[in-house]
Amino acid sequence: MNASATLKKFGIEQAMKYLYKEPEKNMRILMDWADKFCKGEFPSQRKAIRHAIENPEDPYYHYIRHMIRDVDHEVLSAVAVNFFINANLVGWPIQEENRKKHHCNIPWAILLDPTSACNLHCTGCWAAEYGNKLNLTFDEIDNIIQQGKELGIYMYIYTGGEPLVRKADLIKLCEKHNDCVFLSFTNGTLIDEKFADEMLRVKNFVPAISLEGNEAATDGRRGSGVFGKATHAMELLHERKLLYGISSCYTSANYKSITSDEYYQSLIDMGAYFIWYFHYMPVGNDAAPELLPNPEQREYVYHRIRELRMTRPLFAMDFQNDAEFVGGCIAGGKRYLHINANGDVDPCVFIHYSNANIRECTLLEALKSPIFMAYHDNMPFNDNMLRPCPMLENPKCIEEMVKKTGAHSTDPMSPESVEHLCAKTCDYAENWKAAADRLWEESLERKPGLAHKAEDERKRTY
Ligand code: SF4
């Protein structure tokens, strides 16, 4: 870490100590310092934080105090330093430098599957069936992180399989790379007292527990008793004052229940700090396209998550409908990539076509591989950021990219042709277009600056 990074880290550590001495008074003083220090940068974010700090009617007024009061001080400091300083203030300029130097995308985060194994047998998931045949070894994951840090990447997100099948290795990686943030999607059932204690010790591991909705919905898909085990895990995390969130997928079948007041409030009551919503993706030969939300259903979710985010003290992200905040599709290494348990480097966690395997090439070589360069050269796939995806909303794009680059399917169980994949989203894309264009126009009227976002993003990353 260079001198300026060390100073920044030291600054945030001191700021956290100062905050905890007298939170009510000192958070306002720290905000005054942030306004001076930022010199005009991040104006809307700073305005929103100040509003939340100072106005009891703001939904995040209580949320911020809940975090300061209920998250272990050392855990919050470690995550704040690793996320704000290392992954952003330190990491971003290194990523930018490497983007310019190498003329390819350099991501902000790496998603990786430590294993294809899972301890559950969820409907529609192949992981348990495929068992533990595929694993990235400890040394392979360690090597990916070391390569990533050289490129400025300090954010690592585990997907799977069930990542916690490898929980001993994941803790060792947290220890070894204590300057990174590790977030893990998990079914939560392998979080026991011992693991929660280990999380508290290493401080830089944040789980996002998958729920399908209430007990009946979760157990219906994941198996009897899974909801109880997941909520028990949350109790263990809560007792140790750890940071955790939820991930939920919305479909045509559950879009109302999963965004209902009751469900949202139950997560607040369980002490979750964030929820990450995902749009159902009909990926794989056995996918069920009838679970794709229709335009009315997706529009309902679009409004509903925005409303919940602005009125309730639980931070919600909507992976598909929030593309406007990140300049469209973030895959292909633009902001992230995905490495599966076989080492295949995929452009997206949902798009399993690749020309590169991390066992045969470096991370940088994978970022320069044909499908990644096709993403780099063709982004954004649509100027309407409510139609960001080359597969879901612009299926011709992924079909052309895969055919042109010769990328092969990396699905370990049942390789799917790109024509088969795109046939499931053609009607969806066509049907969504009118609603998406209307919503986008309305967004532009509210925030005219959005019109240039896609172009700006394109320039930022060549
Ligand atoms: S490829 Fe599609 S699903 Fe993946 S990040 Fe881009 S928009 Fe999202």
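Arginine 309 counts as buried, because its relative accessibility is 10% and the cut-off for buried is under 20%. The structure is a predicted model.

**Arginine 309**
- Arginine 309 is part of helix H13, which spans residues 295–311.
- Leaving aside residues up to four places away in sequence, arginine 309 touches Tyr60, Tyr264, Phe315, Ala316, Met317, Asp318, Asp322 and Phe325.
- Two aspartates, Asp318 and Asp322, are among these contacts.

**Helices H2 and H4**
- Two packed helices are described by the angle between their axes and the distance between the axes.
- Helix H2 (residues 23–38) and helix H4 (residues 59–70) have axes that come within 12 Å and cross at roughly 110°.
- H2 is therefore roughly perpendicular to H4.
- The crossing of H2 past H4 is right-handed.
- On the H2 side, the contact is made by Pro23, Glu24, Met27 and Arg28.
- On the H4 side, Tyr61, Ile64, Arg65 and Ile68 take part.
- By class, this contact of H2 with H4 has 5 nonpolar and 3 charged residues, and no polar ones.

**Ligand surroundings**
- The residues around the ligand are Met281, Phe319, Gln320, Cys329, Ala331, Tyr336, Cys348, Phe350, Ile351, Tyr375, Cys389 and Pro390.
- By class, 11 residues of this shell are nonpolar and 1 is polar.
- The shell around the ligand has no charged residues.

Note on methods: Residues numbered from 1 in each chain as written. Predicted model: local features only at pLDDT ≥ 70, side-chain atom pairs only at ≥ 80, totals over all residues. Heavy atoms only, no water. Near = heavy atom within 4 Å. Nonpolar A, V, L, I, M, F, W, Y, C, P; charged D, E, K, R; others polar. Helix = DSSP H or I, 4+ residues; strand = E, 2+ residues; numbered from the N terminus. Buried < 20%, exposed > 50% of the residue type's maximum accessible area, 1.4 Å probe, protein only. Contact = heavy atoms within 4.5 Å. Axes fitted to C-alpha atoms, helices over the stretch in contact; angles between N-to-C directions. Parallel < 35°, antiparallel > 145°, perpendicular 65-115°, else oblique. Left-handed = near helix turned anticlockwise from the far one by under 90°.
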